[in-house]
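Okay everyone, thanks for coming.

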Amino acid sequence: MADPQAGTTELDGQYQRTVMIHGREYQEYSINHATHFMPVDEEEADRLEAQHQVLSLVFDDRLIFPPLDDPKNVLDLGYGAASWAVEVAESYPDCEVIGVDISPHLKPDDAPENFWPQLDDLNRPFTFQSNSFDLIHSRLVGGGIDKTRWPPYIRDIKRSV
């Protein structure tokens, strides 16, 4: 994949705005569009990292299974705090790892150069070309996908891998 940003468009500032609810910070767009109801603050980033560590234990520290010898292009859908995506990028330095999430707030500041975070709503059709990825990771995104979007979401994944 030559340019992970190819075919993407700049989104406006509505995705940056947050609102405080009961002392926690939430993305205003997600609340207003009933897309995602989890906070986007440091406490949530810590929770997501702990969740990633638990899942790593459950899966015997396997990031990718069945194993791929030399992935070149990986897509992480709903990357959250990017724990999985960053770990894949660090483990496979020759692999371009694209992460897509509706919120830019939990994006890590010190991610590897081969991790490309992108901002998008997974309830919209994918803009990626067919057969673009060796692996697509979509874990724990159930609460953020509209029930009518699931069949086309799965088709988009199938088409993109």
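Before we start, a quick word on what I mean by a strand: here, strands are DSSP runs of E with at least two residues, numbered from the N terminus. And keep in mind that what you're seeing is a predicted model.

So, where does Arg-24 sit? You'll find Arg-24 in strand S2, which covers residues 24-27. Its side chain makes a polar contact with the side chain of Asp-41, at 2.7 Å. If we skip residues up to four places away in sequence, Arg-24 touches Val-19, Pro-39, Asp-41, Glu-43 and Glu-44.

Now hop over to helix H2, residues 42-58, where Glu-49 lies. Is Glu-49 buried, exposed or partly exposed? Its relative accessible area is 31%, so Glu-49 counts as partly exposed, because that label goes to values between 20% and 50%. Also, Glu-49 and Pro-66 are 17 residues apart in sequence, and their C-alpha atoms are 23 Å apart in space.

Okay, on to the largest pocket. It holds about 640 Å³ of space. There are 35 residues lining the largest pocket, and the closest to its centre are His-36, Gly-78, Gly-80, Asp-101 and Leu-140. Which elements give two or more residues to that lining? Those are H2, strand S3 (73-77) and helix H3 (83-91).

Note on methods. Residues are numbered from 1 along each chain as its sequence is written. This is a predicted model: local features need pLDDT of at least 70, side-chain atom pairs count only at pLDDT 80 or more; totals for chains, interfaces and linings use all residues. Side-chain values use heavy atoms; hydrogens and water are left out. Helices (H or I, at least four residues) and strands (E, at least two) are DSSP runs, numbered from the N terminus. Buried means under 20% relative accessible area, exposed over 50%, partly exposed in between (1.4 Å probe, protein chains only). A polar contact is a pair of N or O atoms within 3.5 Å; within protein, one must be able to donate a hydrogen and the other to accept it, and residues adjacent in sequence count only if both atoms are side-chain atoms. Contact means heavy atoms within 4.5 Å. On a 1 Å grid over the protein atoms alone, a cavity is a set of points where a 1.4 Å probe fits but cannot get out, and a pocket is an open set with protein on both sides within 12 Å along at least five of seven lines; lining residues have an atom within 4 Å of a point. Grid points are joined across faces, edges and corners, and a volume is the space filled by probe spheres set on the points.
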